Structures are given as C-alpha cells and as structure tokens.
Amino acid sequence: MHLKPAKVKEECVKKCTKEVNRRDEKIIRDFCGDLNEERSCHDIMQRCDRDKFRPLINYLNGRSESTDEKNIELLAWLIDFPGRPWELGKTYSGDDDENGDPVLNEATPATVDQETAPGSPATPLVAGRDELTGNPIIPENPAIPFLMYSSKEKEGAGVKVAETSNQKKLRGRSTRTLAAAVILSLALGTGGMWWWKDNPRPGGNCMYWQEDHYEPVACNQKIANGRVIAADTMKLKNFRKITRPDTITYQAIGKVWYSKINDKIEYYTAGGEHPVVFGRQLKPITVYIIDKYIRGMNE
C-alpha cells in the first residue's frame, strides 16, 4: 500500500524467512550486490541498502519509464509472479503474429495458362487436370517454390536473391536463440551440479533444530518437541548456536547475532528467525552487548 524503499525492503526480509530456491537466491544476490556464499538470503536482504530499492519505487510510481532488469526480477520474486527468471521458448513481446510464430513468405503454386487447341473441347481445364484423360498436366518448366533453393544454389542458377526483412529478422533471431540455449544449458548444468553437491541427503528435504544446529530429516518424519521445516542448505552448513560466549570478541560484529530470552542472551553464527521461538528475529551483535554481557561477565 505504501511504496517506499523501507516498506518494500521489510516485505522482502519477511519473504526471505520462507524457503528460497536457488534461482530466487541468485535474483536476491544480484539485486543486493552481495556474492558472499556464506551468508543466507535473509542476511543479505537485511544488509541490503535501502537506496537500492529506490529505482524500483520510482518505476512503479511512474517517475521513470524504464528500470534495470534486476529490479523487475526482484519484484517478480516478491509477488510470486510465475515464469521467472527469463525462460527459453517464452514469448514476452515482439512484432510477430499473435501465435508467436514467425511470418514466412508462402510459395504459391504457379498458374499455367492453357490455350484451347483447334478442334479440342471448349471445356476449360479444372485444377490442372486433363478433362479427357484425368491425368495431371505437367508444364515444361514447373514453378519452383522460393524456399527450395539455398542462396548459393539460386545464384548459381542465375536467380537474383533478394532477402526480405522477415528473413533477416528470422536469421538474427535464430542466432540469438541458439546463443541463449547454450547459455541456459550451461547455467542449468552448473546449477544442477551445485544442487547435488549441497543437497544434504536423499529424501532429507526438511530439517529440525537439535540443541545447537539444524539436522536434515524427511519431511514426513515426526520429531518429538521439535518442528520440521523446509531445508535451507545455507543454514544446515553455517547456522550454529555459540555455546562458548567467552570466545566472542569485537571482531564478531557483523558476524554474530543474538537474542535475549528470559533475561538470558543466546548467540548465533547467522541472522534470521530464532530456531526455537518462532517469529522472533535475531539481532546483530553490538559493542554495547559485548561490553555488558561478555566482557562484563569475564571481568
């Protein structure tokens, strides 16, 4: 309702608490300009500068006529718009016909004029067939459809080749389509390899919190006193509860998060939602927290 950078960023942070697939993860990283693989998408969105949302807001409010593709991709992710990112074979816009098929020059069969010979019946020939014998009439030099010859064959036969604007457009589009297909194949192959590498185990597409870390588990498995949620490979590998707070120093600022529950401070290696108290967000550690709850206790 209120198109402001802070509001849109807040909605993006909320959406990052849900499952984010690898395609959408790339959209978020490209938009925020954060390529650190150790950070989760939630952490990246929390760190993302609000000014990065301003061009998208200007575009949506009509203050600018166009905007960067990464802004549109982020908007598509935020509103769950289907068909993101760009997929090979989809027609988004263009000057082709409504079905998306290119317009080709249709070759029309040649019309052969027949003269009535003296003494022959005055009945005209119908559809190129001899009325007397029923056999088709084959002209001495039948017309050849335009698309049967290549350019070189036409030139060798003495036919002047005139490439139409549609043919030029088709040739350029074929080259672009081939290049896009190659790039898409490489991207899918690389993404599949990463997925197999990062996938915790066959059938373990969910996870649950166990003391100080997440454990992969089958989604249909019941865990006593625990909640099974969708698996997040980043959290499975990097999200931990710090059991030795005395090891935390000022260098931990920007790398450690905390939460105060019942006057007790808990520390974690990544931000996001609290693993046990659902709905509570972890906060980045500050100098004040370190001085009061860590150094103060040690002294």
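Which residue forms a salt bridge with Arg29? The partner is Glu25, and the closest N and O atoms of the pair are 3.2 Å apart; a salt bridge here is a side-chain nitrogen of Lys or Arg within 4 Å of a carboxyl oxygen of Asp or Glu. The model is a predicted one, in which local features need pLDDT of at least 70 and side-chain atom pairs count only at pLDDT 80 or more, while totals for chains, interfaces and linings use all residues. Residues are numbered from 1 along each chain as its sequence is written, and side-chain values use heavy atoms, with hydrogens and water left out.

**The whole protein**

- The protein has nine helices and six strands, taken as DSSP runs numbered from the N terminus (helices are H or I with at least four residues, strands are E with at least two).
- Of the 299 residues in the protein, 24% are buried; buried means under 20% relative accessible area, exposed means over 50%, and partly exposed is in between (1.4 Å probe, protein chains only).
- Among contacts with a separation of 6 or more, 52% link residues 24 or more positions apart, where a contact means heavy atoms within 4.5 Å.
- The accessible surface comes to about 21,400 Å², and carbon and sulfur atoms account for 53% of that area. Accessible areas come from the Shrake-Rupley method with a 1.4 Å probe, and for residues only the protein chains shown count as cover.

**Helix H1 and its packing**

- Helix H1 (5-16) has 12 residues and reaches 16 Å from its first C-alpha to its last. That is close to the 16 Å expected at 1.5 Å a residue, the expected span being 1.5 Å times one less than the number of residues.
- The buried residues of H1 are Pro5, Val8, Lys9, Cys12, Val13, Lys15 and Cys16. They cover an arc of only 160° around the axis, which puts them on the same side of H1; the arc is that of the directions from the helix axis to the C-beta atoms.
- Which helices do the buried residues of H1 pack against? They pack against H2, helix H3 (41-47), helix H4 (54-60) and helix H5 (69-78).

- Arg29 and Glu25 both lie in helix H2, four residues apart, about one turn of the helix. An α-helix has 3.6 residues a turn, so residues three or four places apart point the same way.
- Both members of this pair are buried: Arg29 has a relative accessible area of 4%, and Glu25 has 10%.
- Asp24 is also placed in helix H2, which spans residues 22-32. Its relative accessibility is 6%, so Asp24 counts as buried.
- Leaving aside residues up to four places away in sequence, Asp24 touches Trp77 and Arg84.

**Other salt bridges**

- How many salt bridges does a search of the whole structure find? The search finds nine.
- Glu11 pairs with Lys14 in a salt bridge, with the closest N and O atoms 3.9 Å apart. Both residues lie in helix H1, three residues apart, about one turn of the helix.
- Glu11 is partly exposed at 41% relative accessible area, and Lys14 is partly exposed at 46%.
- The side chains of Arg54 and Asp51 meet in a salt bridge of 3.2 Å, N to O. Arg54 counts as partly exposed at 41% relative accessibility, as does Asp51 at 44%.
- Salt bridges that share partners join Glu10, Glu11 and Lys14 into one network.

**A nonpolar patch on the surface**

- Leu3, Tyr59, Leu60 and Ile72 form a nonpolar surface patch, with about 300 Å² of accessible area together. Patches are made of residues with over 30% relative accessible area and no salt bridge; like charges are joined within 9 Å, and nonpolar side chains (Val, Leu, Ile, Met, Phe, Trp, Tyr) within 5 Å.
- Leu3 is found in the segment before helix H1 and is partly exposed, with a relative accessible area of 39%.

**The loop between S4 and S5**

- Asn262 sits in the loop between strand S4 (257-261) and strand S5 (264-268), and Asp263 lies in the loop between S4 and S5 too.
- Most residues other than glycine have a negative phi, and most peptide bonds are trans. Phi of Asn262 is positive, near 55°, and phi of Asp263 is positive as well, near 60°.
- Asn262 is exposed, with a relative accessible area of 76%, and Asp263 is exposed at 69%.
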